[in-house]
Amino acid sequence: MKKLALIISCAAIALAITSCGNRRAQKAQAEKDQLDSLLLLELTTQVDSLMGILVNREYTPQFSAKGIATGAITLTDKEKKVKPDYLLPVSRADEMQTLMQKNAGFIMFTLDRAVAKLYGMPTDEYDAVIARLMADINLKDAPMNIDWGSETASQEFVSLGMAKIKEESQKGTQKYLVTRLAAIALEDMYLFCNNQELFLTKMTDKDVAELTFRLALVVDIVDRIAAYYPDMAPLKACIDILAPINATDVNQLKEQIASIKPQIEEARNNMLK
(Lines give C-alpha, C1' and ligand atoms only; values in the text may rest on other atoms or scores of the structure.)
Protein backbone atom coordinates (compact mmCIF):
# COMPACT_ATOMS: atom_id res chain seq x y z
CA MET A 1 0.00 0.00 0.00
CA LYS A 2 2.84 2.35 0.95
CA LYS A 3 4.58 1.38 -2.27
CA LEU A 4 1.46 2.25 -4.30
CA ALA A 5 1.14 5.59 -2.52
CA LEU A 6 4.79 6.33 -3.27
CA ILE A 7 4.28 5.53 -6.94
CA ILE A 8 1.22 7.78 -7.12
CA SER A 9 3.09 10.56 -5.33
CA CYS A 10 6.06 10.32 -7.70
CA ALA A 11 3.73 10.35 -10.69
CA ALA A 12 1.98 13.44 -9.38
CA ILE A 13 5.33 15.21 -8.87
CA ALA A 14 6.46 14.23 -12.38
CA LEU A 15 3.18 15.48 -13.86
CA ALA A 16 3.53 18.77 -11.99
CA ILE A 17 7.11 19.19 -13.20
CA THR A 18 6.05 18.40 -16.78
CA SER A 19 3.12 20.79 -16.56
CA CYS A 20 5.35 23.53 -15.17
CA GLY A 21 7.89 22.87 -17.91
CA ASN A 22 5.19 23.06 -20.54
CA ARG A 23 3.95 26.37 -19.16
CA ARG A 24 7.49 27.76 -19.20
CA ALA A 25 7.95 26.56 -22.77
CA GLN A 26 4.61 28.04 -23.82
CA LYS A 27 5.49 31.33 -22.13
CA ALA A 28 8.88 31.40 -23.83
CA GLN A 29 7.27 30.65 -27.21
CA ALA A 30 4.65 33.36 -26.64
CA GLU A 31 7.39 35.86 -25.79
CA LYS A 32 9.34 34.82 -28.89
CA ASP A 33 6.23 35.15 -31.06
CA GLN A 34 5.56 38.59 -29.61
CA LEU A 35 9.16 39.65 -30.28
CA ASP A 36 8.96 38.29 -33.82
CA SER A 37 5.74 40.25 -34.37
CA LEU A 38 7.35 43.45 -33.08
CA LEU A 39 10.44 42.90 -35.23
CA LEU A 40 8.27 42.22 -38.29
CA LEU A 41 6.20 45.35 -37.58
CA GLU A 42 9.37 47.42 -37.26
CA LEU A 43 10.77 45.90 -40.46
CA THR A 44 7.50 46.46 -42.32
CA THR A 45 7.42 50.10 -41.23
CA GLN A 46 11.04 50.65 -42.28
CA VAL A 47 10.62 48.96 -45.66
CA ASP A 48 7.30 50.70 -46.36
CA SER A 49 8.95 54.05 -45.60
CA LEU A 50 11.90 53.39 -47.91
CA MET A 51 9.67 52.12 -50.71
CA GLY A 52 7.52 55.22 -50.28
CA ILE A 53 10.60 57.35 -50.95
CA LEU A 54 11.25 55.39 -54.13
CA VAL A 55 7.66 55.70 -55.33
CA ASN A 56 7.52 59.44 -54.69
CA ARG A 57 10.72 59.79 -56.71
CA GLU A 58 8.94 57.87 -59.49
CA TYR A 59 11.19 54.83 -59.15
CA THR A 60 10.64 52.87 -62.34
CA PRO A 61 12.82 51.78 -65.27
CA GLN A 62 13.59 55.47 -65.69
CA PHE A 63 16.06 55.19 -68.54
CA SER A 64 14.88 52.04 -70.30
CA ALA A 65 11.12 51.40 -70.45
CA LYS A 66 10.13 54.91 -69.37
CA GLY A 67 12.71 56.51 -71.64
CA ILE A 68 11.36 54.53 -74.57
CA ALA A 69 7.71 55.31 -73.72
CA THR A 70 8.32 59.05 -73.48
CA GLY A 71 10.39 59.18 -76.66
CA ALA A 72 13.59 60.13 -74.85
CA ILE A 73 15.21 57.00 -76.28
CA THR A 74 14.82 56.47 -80.02
CA LEU A 75 16.39 54.52 -82.88
CA THR A 76 16.86 55.25 -86.54
CA ASP A 77 15.56 52.78 -89.12
CA LYS A 78 19.16 51.72 -89.75
CA GLU A 79 19.80 51.07 -86.04
CA LYS A 80 16.60 49.01 -85.78
CA LYS A 81 18.00 46.51 -88.28
CA VAL A 82 20.54 45.24 -85.73
CA LYS A 83 18.27 43.39 -83.29
CA PRO A 84 19.31 42.95 -79.63
CA ASP A 85 20.49 39.45 -78.69
CA TYR A 86 20.51 40.05 -74.94
CA LEU A 87 16.77 40.02 -74.19
CA LEU A 88 15.30 37.29 -71.99
CA PRO A 89 13.80 34.47 -74.10
CA VAL A 90 10.09 34.08 -73.40
CA SER A 91 10.70 30.33 -73.03
CA ARG A 92 12.35 31.06 -69.67
CA ALA A 93 8.88 31.68 -68.26
CA ASP A 94 8.22 27.92 -68.37
CA GLU A 95 11.10 27.41 -65.92
CA MET A 96 9.72 29.83 -63.33
CA GLN A 97 8.13 27.85 -60.52
CA THR A 98 8.23 30.00 -57.38
CA LEU A 99 6.38 33.26 -56.78
CA MET A 100 9.68 35.08 -56.35
CA GLN A 101 10.89 33.86 -59.74
CA LYS A 102 7.61 34.85 -61.36
CA ASN A 103 7.63 38.32 -59.78
CA ALA A 104 11.18 38.90 -61.03
CA GLY A 105 10.34 37.43 -64.43
CA PHE A 106 7.31 39.70 -64.82
CA ILE A 107 9.56 42.75 -64.40
CA MET A 108 12.27 41.50 -66.73
CA PHE A 109 9.84 40.60 -69.51
CA THR A 110 8.07 43.97 -69.13
CA LEU A 111 11.32 45.88 -69.57
CA ASP A 112 12.54 43.65 -72.38
CA ARG A 113 9.22 44.01 -74.18
CA ALA A 114 9.76 47.77 -74.29
CA VAL A 115 13.18 47.24 -75.88
CA ALA A 116 11.81 44.71 -78.36
CA LYS A 117 9.06 47.16 -79.37
CA LEU A 118 11.65 49.92 -79.83
CA TYR A 119 13.48 47.71 -82.33
CA GLY A 120 10.28 46.92 -84.18
CA MET A 121 10.25 43.30 -83.01
CA PRO A 122 6.97 41.39 -82.47
CA THR A 123 5.66 41.68 -78.90
CA ASP A 124 2.75 39.20 -78.98
CA GLU A 125 4.72 36.53 -77.13
CA TYR A 126 5.85 39.05 -74.53
CA ASP A 127 2.26 40.21 -74.02
CA ALA A 128 1.08 36.63 -73.51
CA VAL A 129 3.80 35.68 -71.04
CA ILE A 130 3.46 38.94 -69.08
CA ALA A 131 -0.32 38.41 -68.78
CA ARG A 132 0.28 34.83 -67.64
CA LEU A 133 2.79 35.84 -64.99
CA MET A 134 0.53 38.63 -63.72
CA ALA A 135 -2.24 36.05 -63.28
CA ASP A 136 0.14 33.64 -61.52
CA ILE A 137 1.29 36.28 -59.02
CA ASN A 138 -2.23 37.75 -58.69
CA LEU A 139 -1.13 41.18 -59.87
CA LYS A 140 -4.08 43.03 -61.37
CA ASP A 141 -2.20 46.25 -62.02
CA ALA A 142 1.30 47.60 -61.52
CA PRO A 143 3.04 50.99 -61.62
CA MET A 144 5.26 49.38 -64.27
CA ASN A 145 2.38 49.54 -66.73
CA ILE A 146 1.71 53.27 -66.48
CA ASP A 147 1.38 55.05 -69.80
CA TRP A 148 4.35 57.39 -69.46
CA GLY A 149 3.27 59.30 -72.53
CA SER A 150 0.25 60.76 -70.69
CA GLU A 151 0.22 64.05 -68.77
CA THR A 152 -1.06 62.36 -65.60
CA ALA A 153 1.55 59.56 -65.61
CA SER A 154 3.54 60.83 -62.62
CA GLN A 155 0.43 61.30 -60.48
CA GLU A 156 -0.88 57.85 -61.45
CA PHE A 157 2.46 56.23 -60.68
CA VAL A 158 2.71 57.69 -57.18
CA SER A 159 -0.95 56.93 -56.38
CA LEU A 160 -0.80 53.35 -57.61
CA GLY A 161 2.63 52.75 -56.11
CA MET A 162 1.64 53.88 -52.62
CA ALA A 163 -1.57 51.82 -52.81
CA LYS A 164 0.49 48.77 -53.81
CA ILE A 165 2.86 49.23 -50.85
CA LYS A 166 -0.10 49.39 -48.44
CA GLU A 167 -1.82 46.40 -50.04
CA GLU A 168 1.25 44.14 -50.03
CA SER A 169 2.10 45.14 -46.47
CA GLN A 170 -1.40 44.29 -45.23
CA LYS A 171 -1.43 40.97 -47.09
CA GLY A 172 1.98 40.00 -45.71
CA THR A 173 3.36 39.70 -49.25
CA GLN A 174 5.74 42.62 -48.95
CA LYS A 175 8.72 40.52 -49.99
CA TYR A 176 7.25 40.03 -53.47
CA LEU A 177 6.99 43.78 -53.98
CA VAL A 178 10.61 44.06 -52.84
CA THR A 179 11.50 41.34 -55.35
CA ARG A 180 9.96 43.40 -58.14
CA LEU A 181 11.85 46.52 -57.02
CA ALA A 182 15.10 44.55 -57.02
CA ALA A 183 14.35 43.13 -60.46
CA ILE A 184 13.79 46.65 -61.84
CA ALA A 185 17.22 47.72 -60.55
CA LEU A 186 19.02 44.64 -61.84
CA GLU A 187 17.34 44.51 -65.25
CA ASP A 188 17.94 48.21 -65.83
CA MET A 189 21.65 47.73 -65.10
CA TYR A 190 21.68 44.64 -67.31
CA LEU A 191 20.21 46.60 -70.22
CA PHE A 192 22.62 49.46 -69.61
CA CYS A 193 25.75 47.32 -69.67
CA ASN A 194 24.59 45.52 -72.83
CA ASN A 195 23.83 48.72 -74.75
CA GLN A 196 25.45 51.77 -73.17
CA GLU A 197 25.17 53.74 -76.38
CA LEU A 198 21.39 53.41 -76.44
CA PHE A 199 20.52 53.87 -72.78
CA LEU A 200 23.22 56.11 -71.31
CA THR A 201 24.00 58.61 -74.06
CA LYS A 202 21.23 61.03 -73.11
CA MET A 203 21.68 60.73 -69.36
CA THR A 204 22.97 63.75 -67.45
CA ASP A 205 25.18 63.78 -64.36
CA LYS A 206 22.06 64.72 -62.38
CA ASP A 207 20.31 61.64 -63.75
CA VAL A 208 23.24 59.48 -62.64
CA ALA A 209 23.19 60.89 -59.11
CA GLU A 210 19.46 60.14 -58.86
CA LEU A 211 19.99 56.66 -60.24
CA THR A 212 22.74 55.72 -57.79
CA PHE A 213 20.66 57.09 -54.89
CA ARG A 214 17.78 54.82 -55.90
CA LEU A 215 20.09 51.83 -56.26
CA ALA A 216 21.43 52.41 -52.75
CA LEU A 217 17.86 52.50 -51.41
CA VAL A 218 16.97 49.23 -53.16
CA VAL A 219 20.08 47.50 -51.80
CA ASP A 220 19.20 48.74 -48.31
CA ILE A 221 15.58 47.55 -48.59
CA VAL A 222 16.62 44.09 -49.74
CA ASP A 223 19.24 43.82 -47.00
CA ARG A 224 16.67 44.68 -44.33
CA ILE A 225 13.97 42.28 -45.49
CA ALA A 226 16.40 39.43 -46.23
CA ALA A 227 17.47 39.54 -42.58
CA TYR A 228 13.94 38.46 -41.64
CA TYR A 229 13.06 36.16 -44.54
CA PRO A 230 15.76 33.47 -45.03
CA ASP A 231 14.37 32.54 -48.46
CA MET A 232 15.34 36.00 -49.71
CA ALA A 233 19.06 35.36 -49.21
CA PRO A 234 19.55 34.49 -52.93
CA LEU A 235 17.85 37.76 -53.92
CA LYS A 236 20.15 39.66 -51.56
CA ALA A 237 23.19 37.99 -53.16
CA CYS A 238 21.95 39.10 -56.58
CA ILE A 239 21.23 42.70 -55.66
CA ASP A 240 24.40 43.15 -53.60
CA ILE A 241 26.24 43.05 -56.94
CA LEU A 242 24.97 46.60 -57.49
CA ALA A 243 26.18 47.95 -54.14
CA PRO A 244 29.54 49.23 -55.50
CA ILE A 245 27.80 51.49 -58.04
CA ASN A 246 28.19 55.00 -56.63
CA ALA A 247 28.84 57.02 -59.79
CA THR A 248 28.25 60.76 -59.80
CA ASP A 249 28.65 61.34 -63.53
CA VAL A 250 27.88 59.51 -66.78
CA ASN A 251 31.44 58.45 -67.60
CA GLN A 252 31.93 57.03 -64.13
CA LEU A 253 28.68 55.08 -64.41
CA LYS A 254 29.75 53.63 -67.76
CA GLU A 255 33.05 52.49 -66.28
CA GLN A 256 31.48 51.00 -63.16
CA ILE A 257 28.81 48.93 -64.89
CA ALA A 258 31.28 47.79 -67.56
CA SER A 259 33.63 46.55 -64.82
CA ILE A 260 30.94 44.34 -63.25
CA LYS A 261 29.09 43.30 -66.42
CA PRO A 262 29.81 39.54 -65.94
CA GLN A 263 28.53 39.72 -62.35
CA ILE A 264 25.39 41.60 -63.41
CA GLU A 265 24.63 39.01 -66.10
CA GLU A 266 25.19 36.14 -63.65
CA ALA A 267 23.03 37.80 -60.99
CA ARG A 268 20.24 38.35 -63.48
CA ASN A 269 20.30 34.66 -64.38
CA ASN A 270 20.45 33.62 -60.72
CA MET A 271 17.46 35.78 -59.81
CA LEU A 272 15.33 33.50 -61.96
CA LYS A 273 16.64 30.24 -60.51
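This is a predicted model: local features need pLDDT of at least 70, side-chain atom pairs count only at pLDDT 80 or more; totals for chains, interfaces and linings use all residues.
1. Residues are numbered from 1 along each chain as its sequence is written, and side-chain values use heavy atoms, with hydrogens and water left out.

2. The count of aromatic pairs comes to four, where rings of Phe, Tyr and Trp (its six-membered ring) pair if their centres lie within 6.5 Å, and planes under 30 degrees apart count as stacked, over 60 as edge-to-face and the rest as tilted. One of them joins Y86 and Y190 edge-to-face, at 6.4 Å centre to centre and with 70° between the planes. Y86 is buried at 7% relative accessibility, and Y190 is buried with a relative accessible area of 7%.

3. F109 and Y126 also form an edge-to-face pair, 6.4 Å centre to centre with 65° between the planes. F109 is buried, its relative accessible area being 0%.

4. The charged end of R268 sits over the ring of Y190, 3.7 Å from its centre; the rule asks for NZ of Lys or CZ of Arg within 6 Å of the ring centre and within 35 degrees of the ring normal.

5. Q256 is buried, with a relative accessible area of 15%, and its contacts (heavy atoms within 4.5 Å) include P244 and I245, not counting residues up to four places away in sequence.

Key: Buried means under 20% relative accessible area, exposed over 50%, partly exposed in between (1.4 Å probe, protein chains only).
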